[in-house]
Amino acid sequence: EALRFLSDNSGLAAQWLADIVEYLGDHDLADPRFLADLAVTLEGLKKPSGDLDGGLLAAALDMLEAEFRRLLADHSAPLPLAMQQLNTTSASTAAPSLIPAATVHKLSLILDRLIANGRQDRCLSVYADARGGVVSASLRALGLDYLRNPVDVAQALGPGVELWGRHLEFVVRCLLESERQLCNKVFGQRKDDASACFADVAAHAGILDFLSFGRAAADAKKDPIKLLRLLEVFDSLNKLRLDFNRLFGGKKACVEIQNQTRDLVKLLVDGAVEIFEELLVQVELQRHMPPPPDGGVPRLVSFVVEYCNRLLSEKYRPVLAQVLTIHRSWRKETFSDKMLVNAVLNIVKALEANFDVWSKAYDNVTLSYLFMMNTHWHFFKNLKATRLGELLGDAWLQEHEQFKDYYLTVFMRDSWGVVSPLLNREGLILFSKGRATAKDLVKQRLKTFNASFDEMFRKQSAWVIPEKDLREKTCGLVVQAIVPAYRSYMQNYGPLVEQDVSASKYVKYTVDGLEKMLSALFIPRPRRAGSFQIRHTNDKITSAMTGFYRSASTVK
């Protein structure tokens with residue numbers, strides 16, 4: 001203020017002094033050389049840019065700037081790790097400021113003086129560097145290296161996406177919200193300066209890195225699991241939508257964050273809708289792929305049942321509905337939750353239509369019965385008491401249970417049902433005169449039984465029934481069909497051949513051994529991990545679908 005007074009009045013004062021110098025010169029009252037130097041000095045005082053304070057103001061401003069730096073440095077401790085861990089679990093409120101209110105007031109006063117004296121850029125730089133460093137130090141303990149090295153496989157991104165969502169919520173709602181509040185207090189009415197400075201602090205917080213990670217998820221290879229990841233990323237951003245608008249809504253300072261966020265949301269919506277709309281086609285394209293050679297449940301069936309139930313869960317259904325609604329709104333179309341449900345049900349029904357096609361691919365009809373029995377039972381068991389099962393209805397589910405019973409009956413009839421009648425008693429007369437004839441008949445029938453049993457057992461040893469309850473029931477029926485008949489036959493006619501020197505050729509099994517063999521049938525063996533492939537309508541495989549159930553071929 002003193003300098004401003006001097007600046008405003010120095011011209012007039014200098015003119016007065018010049019008049020005096022002129023008077024002294026006119027009357028030879030002083031040394032001419034002294035008067036000449038004085039005249040030069042007075043000319044300098046008449047200019048507005050004259051050095052009126054001899055550098056004192058710059059020194060004072062330097063001291064204020066040093067104090068500004070010191071106050072920021074003295075309160076630059078990062079957020080305690082315990083608080084970070086608390087907020088990554090539930091980041092709903094801003095972290096309490098570690099800078100006392102009196103210090104904030106001092107910073108604001110100093111800032112006003114520095115900006116008023118042309119040091120705006122330096123102030124903003126000092127503040128952004130100091131608070132940005134605090135933010136960076138607070139985040140180091142969280143281990144955010146994964147943001148700069150995202151994995152491009154959707155399945156592997158699962159845990160990373162979940163962690164990303166928690167970290168992003170902490171950074172936005174806790175850390176940056178606190179920094180925004182501090183910016184507003186320090187900069188006061190200088191809103192543009194506050195926004196610019198906050199944008200620099202946000203850059204230190206790695207907001208753009210967070211958005212880049214989300215984009216990496218959107219750019220990952222296309223498969224059904226990627227849809228779940230896209231929905232998770234969209235849900236995390238959507239929950240923070242109001243926070244993003246409040247923190248980064250400035251017209252100038254945060255324009256890059258705004259643009260990247262907007263682009264990411266569009267990528268997520270478009271990508272999720274594209275995958276969802278292709279699911280039905282992909283299931284239909286699997287129809288002509290070979291079924292499992294062991295008669296087990298195709299992994300596609302297990303995958304689709306589990307996947308559709310997840311889509312209809314409380315975690316994903318509302319998010320998917322919102323994504324579809326947004327996408328339809330861009331095209332000026334409407335969307336309802338019923339449309340989502342119908343789309344998922346159509347996927348399941350398309351999968352059901354695959355069963356008959358797959359069963360006809362088997363050369364062995366009995367194996368096709370086992371396949372249908374397995375698949376219908378798996379369908380019934382894994383859909384019952386689920387959200388998807390409720391939508392399909394009890395009548396639909398019971399139909400699959402009935403199919404299982406039907407195919408179990410025909411499987412038994414056409415396989416083991418034809419083995420036990422080979423031990424028939426026709427023509428066996430145990431009189432003394434007919435003993436030799438009976439012995440020959442017993443040998444022949446045991447030989448025929450053994451050959452038929454061995455062939456049946458050999459084939460079915462390579463077949464599986466994945467569900468334990470169905471496997472135990474089926475083995476029980478097989479044992480019931482064979483063992484009692486064999487036991488009775490051997491009790492009545494075994495003595496005819498057991499004393500024979502060639503008895504081992506005809507009596508190959510004990511009753512207990514037979515029962516143990518049959519009880520151990522259909523036990524699944526570990527399958528080699530592989531991929532579930534996505535085909536396009538031109539029948540060209542272009543990418544692999546990784547999922548909860550993976551296999552060597554598309555359906556197997």
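Trainee: Is lysine 332 buried or exposed?
Mentor: Lysine 332 counts as exposed, because its relative accessibility is 77%. Exposed means over 50% relative accessible area, buried under 20% and partly exposed in between, with a 1.4 Å probe and protein chains only. Keep in mind that this is a predicted model: local features need pLDDT of at least 70, side-chain atom pairs count only at pLDDT 80 or more, and totals for chains, interfaces and linings use all residues. Residues are numbered from 1 along each chain as its sequence is written, and side-chain values use heavy atoms, with hydrogens and water left out.

Trainee: Where does lysine 332 lie?
Mentor: In the loop between α14 (317-330) and α15 (337-359). Helices (H or I, at least four residues) and strands (E, at least two) are DSSP runs, numbered from the N terminus. The phi of lysine 332 is near 60°, a positive value in a residue other than glycine. Most residues other than glycine have a negative phi.

Trainee: What about phenylalanine 522, buried or exposed?
Mentor: Buried, because its relative accessibility is 1%. Phenylalanine 522 has a positive phi too, about 70°. Look for phenylalanine 522 in the loop between α21 (511-519) and β1 (532-535).

Trainee: New topic. Which residues of α5 are buried?
Mentor: Among them are Thr103, Val104, Leu107 and Ser108. Ile110, Leu111, Leu114 and Ile115 are buried as well.

Trainee: What do the buried residues of α5 pack against?
Mentor: Against α3 (56-74), α6 (120-140), α7 (157-187) and α8 (191-204). Contact here means heavy atoms within 4.5 Å. Just after α5, glycine 118 takes a positive phi of about 80°.

Trainee: And α10 with α11, at what angle do their axes cross?
Mentor: At roughly 55°, and the axes come within 4 Å. That makes α10 oblique to α11. Under 35 degrees counts as roughly parallel, over 145 as roughly antiparallel, 65 to 115 as roughly perpendicular and the rest as oblique.

Trainee: Which residues meet there?
Mentor: Leu237, Asn238 and Lys239 in α10 meet Arg241, Asp243 and Phe244 in α11.

Trainee: How many disulfides does a search of the whole structure find?
Mentor: The search finds 0. A disulfide is a pair of cysteine sulfur atoms within 2.5 Å. For cysteine 123, the nearest cysteine sulfur, that of cysteine 197, is 9.3 Å away.

Conventions. Axes fitted to C-alpha atoms, helices over the stretch in contact; angles between N-to-C directions.
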